[in-house]
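Please find below a colleague's note on the structure under review.

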Amino acid sequence: IDSYQEFSIDSDGFVKDETNIKIAYCLIELDRIKDAINLLNEIIEAYPYRAEAHLLMARILLDQNEDQVAKEHLDVANKVWENADSVYAYAQETRRLLEEL
């Protein structure tokens, strides 16, 4: 997390956005879910169509049995990835989770 944060200080918006996504993954792995949610909310507020952030948020919400809110995030991600290649893993996961709901 420290390395990603250090890198993002000197980077432009897109790269900072990408490093924040990586930090969110780290926070989830460290079971710092509240921190991950806060960071993902910041990302989504700044970049409303950042599909990977919506997918990560949906994963967390599904684990917390917040299916309806998770579906809203999955809908956004699915809309962004609607024309993605059929082999694109994030799009596949998003579609699978939507079908399961």
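The points below concern a predicted model and take up helix packing, the nonpolar core and salt bridges.

1. Packing of H3 against H4. Helix H3 covers residues 33-46, and helix H4 covers residues 51-63. Their axes come within 10 Å and cross at roughly 150°. The crossing of H3 and H4 is left-handed.

2. Residues at this contact. From H3, the residues involved are Ile33, Ala36, Ile37, Leu40, Asn41, Ile43 and Ile44. On the H4 side they meet Ala53, His54, Leu56, Met57 and Ile60. Sorted by class, the contact of H3 with H4 comprises 10 nonpolar and 2 polar residues, with no charged residue.

3. The largest nonpolar core. This core has 26 residues. Those touching the most other members are Leu39, Leu40, Ile43, Ala53, Met57, Leu74 and Trp81. At least two core residues come from each of helix H2 (13-29), H3, H4, H5 and H6. The most is given by H4, with 9 residues. As a general point, nonpolar side chains tend to be buried together in soluble globular proteins.

4. Ala53 as a core residue. Ala53 is one of the H4 residues that meet H3. Setting aside neighbours within four places in sequence, Ala53 is in contact with Ile21, Leu40, Ile43 and Ile44. Among these partners, Leu40 and Ile43 are also listed with Ala53 as core residues that touch the most other members.

5. Arg50 in the loop. Is Arg50 buried or exposed? Arg50, which lies in the loop between H3 and H4, has a relative accessible area of 16% and is therefore buried, the limit being under 20%. Beyond its neighbours within four places in sequence, Arg50 is in contact with Asp17, Glu18, Ile21 and Ile43.

6. The Arg50 salt bridge. The search of the whole structure finds 6 salt bridges. In one of the pairs, the side chain of Arg50 meets that of Glu52 at 3.8 Å, N to O. Glu52 has a relative accessibility of 7%, so Glu52 counts as buried. Arg50, at 16%, is likewise classed as buried.

7. The side chains of Arg59 and Glu93 meet in a salt bridge at 2.6 Å, N to O. This pair links distant parts of the chain, with Arg59 in helix H4 and Glu93 in helix H6, 34 residues apart. Arg59 counts as partly exposed because its relative accessibility is 26%. Glu93, by contrast, counts as buried because its value is 17%.

8. Glu82 and its surroundings. Glu82 is placed in the loop between helix H5 (67-80) and helix H6 (89-100). Which residue does the side chain of Glu82 meet in a salt bridge? The partner is Lys79, at 3.4 Å, N to O. Glu82 counts as partly exposed because its relative accessibility is 43%, whereas Lys79, at 54%, counts as exposed. Between Glu82 and Arg95, the C-alpha to C-alpha distance is 9.3 Å, and the two are 13 residues apart in sequence.

Note on methods
Residues are numbered from 1 along each chain as its sequence is written. This is a predicted model: local features need pLDDT of at least 70, side-chain atom pairs count only at pLDDT 80 or more; totals for chains, interfaces and linings use all residues. Side-chain values use heavy atoms; hydrogens and water are left out. Helices (H or I, at least four residues) and strands (E, at least two) are DSSP runs, numbered from the N terminus. A salt bridge is a side-chain nitrogen of Lys or Arg within 4 Å of a carboxyl oxygen of Asp or Glu. Buried means under 20% relative accessible area, exposed over 50%, partly exposed in between (1.4 Å probe, protein chains only). Axes are lines fitted to C-alpha atoms, for helices over the stretch in contact, and angles run from 0 to 180 degrees between N-to-C directions. A crossing is left-handed if the near helix is turned anticlockwise from the far one by less than a right angle, and right-handed if clockwise. Contact means heavy atoms within 4.5 Å. Ala, Val, Leu, Ile, Met, Phe, Trp, Tyr, Cys and Pro count as nonpolar, Asp, Glu, Lys and Arg as charged, and the others, Gly among them, as polar. A nonpolar core is a set of buried Ala, Val, Leu, Ile, Met, Phe, Trp, Tyr and Cys residues joined through side-chain atoms within 4.5 Å.
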